[in-house]
Amino acid sequence: MVPSRGYAAQSADSALAPFAFERREPGPTDVQIDILYCGVCHSDLHTARSEWGGTRYPCVPGHEIVGRVARVGARVSRFKAGDNVGVGCMVDSCRTCSSCAEGLEQYCENGFTGTYNGPEQGTGGNTYGGYSDRIVVDEKFVLKICHPAEQLAAVAPLLCAGITTWSPLKQWNAGPGRVVGVVGLGGLGHMGVKLARALGARVVLFTTSPGKAADALRLGAHEVVISTDDKAMAAWRNRFDLILNTVAAPHDLDPFLGMLRRDGTLVLVGAPPSPHRSPGVFSLILKRRRLAGSLIGGIAETQEMLDFCAEHGIVSDIETIPIASINEAYERMLRSDVKYRFVIDMASL
Ligand code: NAP
Ligand code: ZN
Ligand code: ZN
């Protein structure tokens with residue numbers, strides 16, 4: 001076994017604290033990774049506090065992992081010691097169902113294995129995430145990182161916030177000539193703005209925080225709308241091809257549906273612990289509008305996104321923190337006070 005250290009929540013209402021545990025000994029197709037940085041996703045908070053229910057404790061969150069390969073199993077062909085690599089939200093899937101065959105492991109018909117909160121394929125055991133010093137992952141679920149070494153911390157959030165916004169932007173054809181809205185300027189939202197802009201779309205950012213407007217423009221939005229300003233909101237009716245909603249709290253979806261043109265789509269990626277109010281049927285039927293959801297992205301698609309970002313010089317805007325500040329970081333995240341992703345420097349562990 002591989003002795004490991006990290007930070008874990010022991011229950012839904014306890015703070016994260018130091019935790020010692022063991023990783024599996026690397027098998028023939030496994031890669032053992034020394035973790036350098038781990039991004040802090042709002043899903044980590046939802047899970048650590050069991051806001052979605054079903055959290056298994058101890059819970060070591062973290063699925064925006066960047067590290068360096070320490071050693072590889074005998075049959076590993078794509079990685080060698082010293083390589084810079086990433087691990088995102090999944091560490092395994094059944095690999096045999098139709099979704100896995102299509103490279104859509106996140107929709108595995110038999111359930112993928114989350115990087116944390118398991119269950120591990122075969123054993124059903126709990127998995128422990130990236131708020132830790134090392135991790136052992138099958139090479140199929142390890143990503144290559146081509147960004148320069150000095151950007152590695154800022155690459156970490158691409159592994160969840162990046163792919164979660166990239167996948168729906170690609171699925172619904174964000175690009176030149178398309179008007180794309182992004183709702184919420186947090187970790188996901190700021191990547192949504194950067195990626196939609198880089199793909200060539202016209203980008204409008206909706207925020208409840210007027211103080212973020214200047215940043216939104218700097219990050220790539222063409223326009224910013226304060227979503228609490230009804231008059232400003234009304235000006236955008238029937239104008240969008242696609243709106244990506246990243247908000248982590250329940251809110252009224254009707255104003256956003258009303259902004260879609262005919263056949264436009266509102267995609268929910270934000271996953272609040274309690275439901276949004278049901279949208280009005282007329283918001284949908286009068287213009288054949290669609291309400292959709294999207295879950296992270298597949299492994300091949302994640303590599304495609306990482307390569308696109310390396311080529312276009314795209315990384316996340318981050319605030320690096322020592323791991324001992326994780327509980328305070330969660331409180332700031334709840335106040336929408338993140339610019340725009342916390343990343344744990346694992347040297348602090
Ligand atoms: P985050 O950094 O906390 O950003 C969420 C943003 O939502 C905030 O910055 C804020 O933006 C806005 N917001 C928060 N509370 C709000 C409220 N009451 N009303 C309106 N807007 C509010 O979180 P994140 O890491 O980006 O994650 C966002 C959500 O996506 C979480 O629920 C997370 O679990 C989920 N998620 C889903 C997937 C997936 O695969 N679908 C993957 C990762 C994460 P403004 O200040 O600009 O208003
Ligand atoms: Zn995440
Ligand atoms: Zn599968």
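In the predicted model described here, ligand 1 is surrounded by 29 residues, of which Thr207, Thr208, Ser209, Lys212 and Arg341 are the closest; a residue is counted as near a molecule if one of its heavy atoms lies within 4 Å of it. The model is predicted, and local features require pLDDT of at least 70 while side-chain atom pairs count only at pLDDT 80 or more, whereas totals for chains, interfaces and linings use all residues. Residues are numbered from 1 along each chain as its sequence is written, chains are lettered from A and ligands numbered from 1 in the order in which they are written, and side-chain values use heavy atoms, with hydrogens and water left out.

By class, the shell around ligand 1 comprises 13 nonpolar, 14 polar and two charged residues; here Ala, Val, Leu, Ile, Met, Phe, Trp, Tyr, Cys and Pro count as nonpolar, Asp, Glu, Lys and Arg as charged, and the others, Gly among them, as polar. Domain 1 (2–160 + 317–348) and domain 2 (162–293) each contribute at least three residues to this shell, the domain bounds being taken from an automatic or database domain assignment. At least two shell residues come from each of α1 (42–48) and α5 (187–198), and α1 supplies the largest share, three residues. Helices (H or I, at least four residues) and strands (E, at least two) are DSSP runs numbered from the N terminus.

Polar contacts are pairs of N or O atoms within 3.5 Å. An N or O atom in the side chain of Ser209 lies 2.5 Å from an oxygen atom of ligand 1. For backbone N or O atoms, the corresponding separation from a ligand 1 oxygen atom is 2.7 Å at Leu185 and 2.8 Å at Leu188. Taken alone, ligand 1 exposes 920 Å², of which the protein buries 89%; accessible areas come from the Shrake-Rupley method with a 1.4 Å probe.

Cys41 lies in the loop between β3 (30–39) and α1, and Cys160 in the loop between α3 (152–155) and α4 (161–171), so the pair ties together parts that are 119 residues apart in sequence.

Turning to the backbone, Tyr57 and Pro58 are joined by a cis peptide bond with omega of about -5°, and Pro58 is located in the loop between α1 and β4 (65–72). Ser50, also in the loop between α1 and β4, has a positive phi near 50° although the residue is not glycine. Another cis peptide bond, with omega of about -15°, links Lys339 and Tyr340; Tyr340 belongs to the loop between α11 (326–334) and β17 (341–345).

Key:
Polar contact = N/O pair within 3.5 Å; in protein donor to acceptor, adjacent residues only side chain to side chain.
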